[in-house]
Structure formats: C-alpha cells, structure tokens
Amino acid sequence: ARRLEARAHDGDAGHGGVCASRRRGRLMRERAEYRLQYPLLGQPRVRLWAEPDEFGGRVLDLSESGARVELEAVSPWQVDDRLRGRIWLAQGRVAEFRASVLRRQVRELALLFEPGSRIAIPVMFEEQRVVHARFPEWR
C-alpha cells in the first residue's frame with residue numbers, strides 16, 4: 001500500500017508491532033502502526049550519526065515508531081547499533097530522533113525510534129496530507 005494506513009496486529013509491540021497471519025495460504029506480515037511510503041521525488045532528507053560516523057540519505061517510508069532509510073554510502077552500522085538522526089519532513093518540520101538499527105541491507109537501514117523520539121500521529125497525518133497534495137497521483 002502506498003498510502004498511510006492502519007493495520008491490525010496481535011499485540012506484539014516488542015519490535016515495532018510486526019506480526020504474521022495466514023491469508024489465502026500465504027504468510028502475510030502486518031504492521032501495527034501507520035506507515036507512509038514516499039514517492040521517489042518526495043522522499044525527505046535524513047542525516048544519521050553515531051560517533052565518529054555520519055551519513056546522509058533519504059527516507060523511503062516513515063511510521064510513528066521508525067523509518068526505513070537509504071543512505072548515500074554503505075555505513076558501518078549493524079543491527080542493534082544506536083544512532084541519532086534528523087529528518088526534514090515534507091511539511092517543513094525537522095524531526096530529531098534517537099533510534100536503533102533493526103535491519104540492515106547494504107545501504108538501507110530499518111530504524112526503530114526510542115520511545116521519546118516517536119513521531120506524533122498528528123504529525124504523521126499532516127505529512128500524509130502534504131505528500132498527497134504535492135503528489136496527487138501517489139495513492
């Protein structure tokens with residue numbers, strides 16, 4: 001789904017509320033929170049750092065509790081490493097956060113925000129509104 005949407009989960013909030021269920025004989029993964037996938041031309045900039053390393057990149061998708069980002073170069077960070085970062089949202093806000101690496105694939109990282117760094121749901125809804133206003137065909 002390319003739009004922000006809520007999906008049910010089984011209460012497993014330990015790792016971003018991701019769970020699995022059976023549908024039509026296939027294992028499907030569902031997310032517990034809203035997630036906004038950005039169009040290529042609308043992806044916000046992100047800056048991540050953990051001494052002594054610092055990398056820039058772009059946000060592929062964003063939820064209240066985390067983000068999937070693609071960095072400009074391969075980073076040394078591994079699963080469970082803790083980082084700080086800043087996202088320049090489409091709505092003009094800058095979201096600062098602390099996060100840990102959940103998953104890593106070459107230049108792509110899945111981040112889990114620390115509890116005090118979560119993106120508020122009204123901010124997520126405003127971000128969706130701005131992205132859809134700029135990219136009406138992106139639904």
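Hello everyone! What you see above is a predicted model, so local features need pLDDT of at least 70 and side-chain atom pairs count only at pLDDT 80 or more, while totals for chains, interfaces and linings use all residues. Residues are numbered from 1 along each chain as its sequence is written, and side-chain values use heavy atoms, with hydrogens and water left out.

Let's start with Val69. Leaving aside neighbours within four places in sequence, Val69 is in contact with Val46, Leu48, Arg58, Val59, Leu60, Arg107, Glu108, Leu109 and Leu111.

Val69 also belongs to the largest nonpolar core, which has 30 residues. Such a core is a set of buried Ala, Val, Leu, Ile, Met, Phe, Trp, Tyr and Cys residues joined through side-chain atoms within 4.5 Å, where buried means under 20% relative accessible area with a 1.4 Å probe, protein chains only. Among the residues with the most contacts inside the core are Val69, Leu48 and Trp77. Elements giving two or more residues to this core include S4, S5, S7 and helix H1 (121-134); strands here are DSSP E runs of at least two residues, and helices are H or I runs of at least four, numbered from the N terminus.

Now, which strands does S4 (residues 45-50) pair with? Pairing requires that DSSP finds at least two bridges. S4 runs antiparallel to S5 (residues 53-63) over six bridges, with a hairpin of two residues joining them. S4 also pairs with S7 (residues 82-88), again antiparallel, over five bridges, and there Arg45 has Trp88 as its bridge partner.

Thanks, everyone!

Notes
Buried < 20%, exposed > 50% of the residue type's maximum accessible area, 1.4 Å probe, protein only. Contact = heavy atoms within 4.5 Å.
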